[in-house]
Amino acid sequence: MKKEYVMGNGAIALGAMVAGVSVVAGYPGTPSSEIIETIAKYNNGDIHLEWSINEKAAMEVAATAAYTGARTMVTMKQVGLNVASDPLMSLAYVGVKGGMVVVSADDPGPISSQTEQDTRLFGSFCKIPVFDPSTPEEAFQMIQDAFDYSEKYKTPVLFRPTTRVCHGYASIEVADSFETKKHDDFEKDSSKWVIFPRLSFANHAMIEKRNPQIGADFSNYKYNSVRGNGKKAVFAGGISYAYAMEYLKDKDDVKVCKIGTPFPFPEDFALKALEGVEEVLCFEELHPFIEEELLKLAGKHHLNIKIRGKHTGDVALSGENSSESAREVIGSFLGLPDSCEQIDLSDLPKLPVRPPVLCAGCPHRASFYAVKEAMKGKKAIFCGDIGCYTLGNAMPLDMVDTCLCMGAGITMAQGFNWTHDDCTSFAFVGDSTFFASGMTGVANALYNEADMILCVLDNSTTAMTGHQPHPGTGRNMMGDVVDKISIQSVLEGMGVKKIETVDPLEFEKAVSVVKECAEMKGVKVIIFKSPCIAIVKSDKKMTISDKCINCKKCIREIGCPALITVDGQVTIDSSLCTGCGLCSHICPVNAIGGECNE
Amino acid sequence: MNKDILVCGVGGQGTVLASKLIASSAMDNGEVVHSAETIGMAQRGGSVTSHIRIGNEVYSPLIPKGHADMIIAFEPAEAVRNLSYLKKGGIVIVNKQPVKPVTESLQDTGYDGVEMIEYLQKKCECIVVDAKAICEPLGSSKFFNVAILGVAVGSGKLGISKEWMVKQIETRVNAKFVEKNMQAFEAGIALKGDF
Ligand SMILES: Cc1ncc(C[n+]2csc(CCOP(=O)(O)OP(=O)(O)O)c2C)c(N)n1
Ligand code: SF4
Ligand code: SF4
């Protein structure tokens with residue numbers, strides 16, 4: 001045994017390895033990505049580990065592996081579960097043989113997500129158990145239990161940490177080596193593994209009968225716990241329990257109830273905890289899930305208990321909780337004076353804002369600017385997508401008019417095509433997003449005869465989520481070098497007639513390709529190919545000569561963070577510049593030169 | 001020991017390494033440590049904050065506001081941004097060199113850090129470090145984060161001894177840079193009482 005200081009995501013990974021997981025699949029997404037990355041670090045090759053092309057693929061790979069009795073895990077961020085919901089919903093009816101844990105990380109805030117959805121609701125929607133850890137240490141233990149329960153009840157289970165658990169660090173005792181759990185050959189039985197209305201009907205009834213049993217089982221589960229006494233109780237789950245305890249650690253005259261398994265709700269446990277209680281405060285993030293379960297319970301058992309929380313306006317309905325909100329909300333629930341002494345900061349000076357921007361030398365900047373330059377004075381709509389390139393929306397580029405969810409840009413550009421006759425519809429998609437959910441959109445455009453220009457921003461990585469490999473990179477998570485899937489060949493295969501591949505840093509050429517495509521009818525694709533500067537380091541630099549007339553056009557046009565002013569004079573910050581050369585094409589007097597990447 | 005230490009700066013300044021060194025020093029001496037990093041969407045140039053919590057009775061991964069014993073800030077505005085975490089009577093160790101926001105050239109804010117330092121000095125006990133000057137003899141300002149750690153250790157208020165930290169630098173830092181880091185650390189320690 002040795003002690004490892006790991007992130008919550010690392011604790012989840014190690015816990016799964018202790019449980020003998022042998023197939024792990026996922027798709028990157030903050031705050032979940034480090035789970036698979038940690039397993040890659042410890043894997044001796046016994047575990048099949050993959051970045052699948054999207055969450056649906058991951059779910060399906062893990063499902064059949066679990067049909068054999070193998071223990072399997074799927075990882076994703078919460079919006080990934082929307083993509084994987086189709087297989088999960090049906091899988092909930094069919095069930096599994098080996099333990100299968102679906103990790104879906106929620107992101108209250110949201111800190112780096114499109115939505116503030118609550119995975120616990122997916123649990124009750126699919127009618128499968130949900131585990132909700134409140135610390136990294138607990139996550140390490142709980143995921144092992146999750147595999148056991150999954151196997152015991154032959155159902156996939158959800159495991160939903162939130163950002164603060166995923167990204168918090170703690171010490172974990174881990175074994176020096178791990179062993180995967182043995183499994184059998186797949187036992188063919190079409191009455192069991194082939195979903196048909198008859199099977200769904202039978203299994204639905206079975207699930208409705210089973211879930212109260214799981215709830216009863218959970219009532220004795222160690223991570224549903226009570227401490228303290230009194231007529232008032234605070235119910236909390238996940239990280240909110242940690243915030244509540246931070247405030248209540250020295251107070252014994254209030255009950256603090258932790259709900260580690262919000263679904264199926266541990267009713268017996270809750271009823272017991274509520275004995276002698278007159279008033280309850282539910283302190284949780286996102287959906288008032290525990291609160292609604294308690295309201296149901298109170299209704300069912302005619303309990304004369306006042307239940308407070310989000311529905312009563314005591315707890316915020318959106319955003320993150322914190323130690324501060326715990327102090328405020330629980331303090332007022334208990335009628336305690338606000339005791340925290342803080343430095344008076346009412347006269348805080350105005351702080352510089354540090355908004356996220358594309359890196360200096362990011363090839364996406366050049367691609368956006370080439371399209372902008374080519375379409376100057378013409379009517380065009382730019383449908384963006386999800387990735388680093390969403391930052392193309394910022395001034396001065398201002399090149400993202402819409403962004404919805406992964407892969408949507410390609411199909412959204414088609415919608416505009418049917419409502420605007422006089423306007424060119426553009427879609428921008430990253431290479432990882434293209435493989436995840438972009439290809440179907442191209443087929444849709446071809447089949448339905450859309451006029452559009454698709455710009456694939458191929459930077460040879462999944463940059464936004466931490467530079468994971470994907471099918472276009474030729475590397476996978478088993479450490480193998482594999483054939484790269486060529487985006488160009490995929491498009492050719494679908495029948496796209498006009499495909500141009502161009503390096504956006506060859507600026508003039510890039511602009512002329514866009515202009516040419518804008519003159520044509522049908523589906524045109526431009527593959528802007530240039531690697532992310534975070535994976536291919538450049539030691540090239542550009543410099544500004546004394547020819548510079550200080551017009552600041554370079555700064556105004558592209559907003560590269562390496563272009564700065566020092567004492568009013570335009571300068572290139574050599575510690576940031578990658579020599580991409582984009583600015584040199586903008587300077588009206590050719591003052592920018594040097595060793596350039598072109 | 002019960003201590004809450006917040007380390008903050010701007011992406012690329014070595015905030016994460018500094019907090020790892022503090023956390024592992026405490027851990028190697030038998031303390032229970034938790035930490036959490038908050039990194040925004042920015043690839044570079046965004047605010048980075050690291051919360052280190054030492055002690056048994058810790059629940060929240062982030063330090064509650066008004067609880068930090070010490071803030072170690074690699075940038076003046078970042079110190080002010082996180083000042084609400086400092087407890088009354090806590091101490092701030094701050095590097096005086098400002099990092100302008102990357103959008104500064106597009107939108108001139110005239111930010112130079114001076115107002116921030118004055119504000120800190122008005123509000124709390126504060127050690128202002130000229131990390132650039134400390135690192136000048138080393139020929140590189142790359143190791144300024146460790147120099148500031150040196151100041152923090154030297155202040156005697158971090159609760160971590162010089163020996164503990166030296167051991168961490170020797171084992172956790174890339175071997176190529178250990179010597180330079182040690183020099184930066186010593187230079188920071190040497191400032192003791194010299195503020
Ligand atoms: C359904 C779904 N899964 C995962 C994510 C997380 N995510 C955000 S951006 C991104 C991929 C970005 O990669 P790419 O398209 O190559 O663009 P880049 O960041 O490299 O510019 C992912 C997986 C998400 N937002 N939605
Ligand atoms: S060459 Fe110009 S645009 Fe490219 S990184 Fe350097 S300063 Fe920025
Ligand atoms: S990480 Fe790569 S893709 Fe993302 S902004 Fe930086 S250079 Fe561009």
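Which residues of H19(A) are buried? The close-up views below take up this question and others in a predicted model.

View 1. Helix H19 of chain A runs over residues 507–518 and has 12 residues. From its first C-alpha to its last, H19 reaches 17 Å, close to the 16 Å expected at 1.5 Å a residue. The buried residues of H19(A) are A:Phe507, A:Ala510, A:Val511, A:Val513, A:Val514 and A:Cys517. An α-helix has 3.6 residues a turn, so residues three or four places apart point the same way. The buried residues of H19(A) pack against one helix, H15 (363–374) of chain A. They also pack against strands E15 (424–430), E16 (452–458), E17 (498–502) and E18 (523–529) of chain A.

**View 2. A:Glu151 is buried in helix H7 of chain A.** Helix H7 spans residues 136–153. The relative accessible area of A:Glu151 is 18%, under the 20% cut-off, so the residue counts as buried. A polar atom of the A:Glu151 side chain lies 2.8 Å from the backbone nitrogen of A:Gly99. Leaving aside neighbours within four places in sequence, A:Glu151 is in contact with A:Arg71, A:Lys97, A:Gly98, A:Gly99 and A:Lys181.

**View 3. A:Val357 touches residues of chains A and B.** A:Val357 is found in the loop between helix H14 (323–334) and H15 of chain A. With a relative accessible area of 16%, A:Val357 is buried. Its contacts are A:Leu391, A:Pro561, B:Val102 and B:Thr103, not counting residues up to four places away in sequence. A:Val357 and A:Cys560 are 203 residues apart along the chain, yet their C-alpha atoms are separated by 8.6 Å.

**View 4. Ligand 2 is surrounded by residues of chain A.** By class, the residues divide into 8 nonpolar, 4 polar and no charged.

**View 5. Ligand 3 lies between chains A and B.** Of the 11 residues around ligand 3, A:Cys359, A:Cys362, A:Cys388, A:Cys532 and A:Ile533 come nearest. The shell around ligand 3 has 7 nonpolar and 4 polar residues, and no charged ones.

Terms used. Residues are numbered from 1 along each chain as its sequence is written. Chains are lettered from A and ligands numbered from 1 in the order in which they are written. This is a predicted model: local features need pLDDT of at least 70, side-chain atom pairs count only at pLDDT 80 or more; totals for chains, interfaces and linings use all residues. Side-chain values use heavy atoms; hydrogens and water are left out. A residue is near a molecule or strand if one of its heavy atoms lies within 4 Å of it. Ala, Val, Leu, Ile, Met, Phe, Trp, Tyr, Cys and Pro count as nonpolar, Asp, Glu, Lys and Arg as charged, and the others, Gly among them, as polar. Helices (H or I, at least four residues) and strands (E, at least two) are DSSP runs, numbered from the N terminus. Buried means under 20% relative accessible area, exposed over 50%, partly exposed in between (1.4 Å probe, protein chains only). A polar contact is a pair of N or O atoms within 3.5 Å; within protein, one must be able to donate a hydrogen and the other to accept it, and residues adjacent in sequence count only if both atoms are side-chain atoms. Contact means heavy atoms within 4.5 Å. The expected span of a helix is 1.5 Å times one less than its number of residues.
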